[in-house]
Amino acid sequence: MAAAINSILLKIKPKIKIKICNPLSDCARSSSRRNASPSILQLFFSTTTLTYADADSDCSNETNATADANPNFIHPSADVHPNAITGHGVSIGPYCTIGSSVKLGNGCRLYPGSHVFGNTEIGDHCLLMPGAVVGDHLPGRTVLGRSNVIGHHAVIGVKCQDLKYKPGDECFLLIGDNNEIREHASIHRSSKSSDKTVIGDNNLIMGSCHIAHDCKIGNNNIFANSTLLAGHVVVEDYTHTAGAIVVHQFCHIGSFSFVGGGSVVSQDVPKYTMVAGERAELRGLNLEGLRRHEFTATEVGINRTFPKYLLLM
């Protein structure tokens, strides 16, 4: 028998077709059904199906049509607690986990291997990429607004890394709308029931960033890769950090400021300014940031005198 198979393998070249489609579409489900019990020849000469593609793949129209025909799709391998609340048009892919106190808004899409735990509420049209974890089995709550993207293996709303946290205390994380939180980012809940970790709207939080307990993040900020914010940091609106920066506890970063790459921020950063350095120092106005946000020449001219007073302090 083995000799016969070897002779077949020598004469026939394997033909492998790669078909990329959304894991929640009919094409993926039909492929998995067809290949449920492969024969010995199918093991050698089978059609390889990649069960993951991004949201803009060619199968997205088919997925949308399926969602219209069938409001919800839950893959048979997903573990969804019967007490969980799901909206209309929700798609839950293979090997996902949905806890008993979870609420999913309309149109949410969970890619394979993403998980939602604890008392967690996710707003409409949110997207969880493979490996994302949202929420934790802790007292308190994690709330996400609408149209947020949680990247691959990002961890959102878990217990803080602060020794003043006491088991059993309520802790909270509130995230607004239209935030993109990229791969391997981590955002922690508050350290005590009297405080909250808060993130506003329209923020881009790039890969491997960390936002610790009790931080307050405003709107329209850009955190480049490996931006690390310690506990109780306040970031206003329209700030921009370059990569690999560290911000000390309780620091305050003002609106329209820029922090250069590799900086260690151990003091407050004033509005409209640019800081950089191993121990970040004031370098002047964030002229490029002000230009991009359409500050007038008059407004920039008035602010030019602002850093001079800071240098004398």
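The model is predicted, so local features need pLDDT of at least 70 and side-chain atom pairs count only at pLDDT 80 or more, while totals for chains, interfaces and linings use all residues. Residues are numbered from 1 along each chain as its sequence is written, and side-chain values use heavy atoms, with hydrogens and water left out.

**First stop: the sheet of nine strands**

Select β5, β8, β11, β14, β17, β20, β23, β26 and β29, which in that order form an open sheet with parallel pairing. Strands here are DSSP runs (E, at least two residues; helices are H or I, at least four), numbered from the N terminus, and two strands pair if DSSP finds at least two bridges between them. At the edges stand β5 (85-86) and β29 (252-253); each has a single partner strand, so one side of each is left without a neighbour in the sheet.

Within this sheet, select β17 and β20 (residues 197-199), which pair in the parallel sense over three bridges. Ile175 has Ile199 in β20 as its bridge partner.

**Second stop: Asn179**

Continue to Asn179, in the loop between β17 (171-175) and β18 (180-181). Is Asn179 buried or exposed? With a relative accessibility of 2%, Asn179 counts as buried; the term means under 20% relative accessible area, against over 50% for exposed and in between for partly exposed (1.4 Å probe, protein chains only). Its side chain reaches the backbone nitrogen of Asn203 at 2.9 Å. Beyond neighbours within four places in sequence, the residues in contact with Asn179 (heavy atoms within 4.5 Å) include Ser147, Asn148, Val149, Ile199 and Asn203.

Now select the open sheet of 12 strands, ordered β3-β6-β9-β12-β15-β18-β21-β24-β27-β30-β32-β33, whose pairing is mixed. Its edges are β3 (73-74) and β33 (281-285), each with a single partner strand, so one side of each lacks a neighbour in the sheet. Strands β9 (residues 109-110) and β12 (residues 127-128) pair in the parallel sense over two bridges, and Arg109 has Leu127 as its bridge partner in β12.

Finally, select Gly277 in the loop between β32 (273-276) and β33. Gly277 and Ser263 are 14 residues apart in sequence, yet 5.0 Å apart from C-alpha to C-alpha. Neighbours within four places in sequence aside, Gly277 is in contact with Gly262, Ser263, Val264 and Arg283.

Definitions and conventions. Polar contact = N/O pair within 3.5 Å; in protein donor to acceptor, adjacent residues only side chain to side chain.
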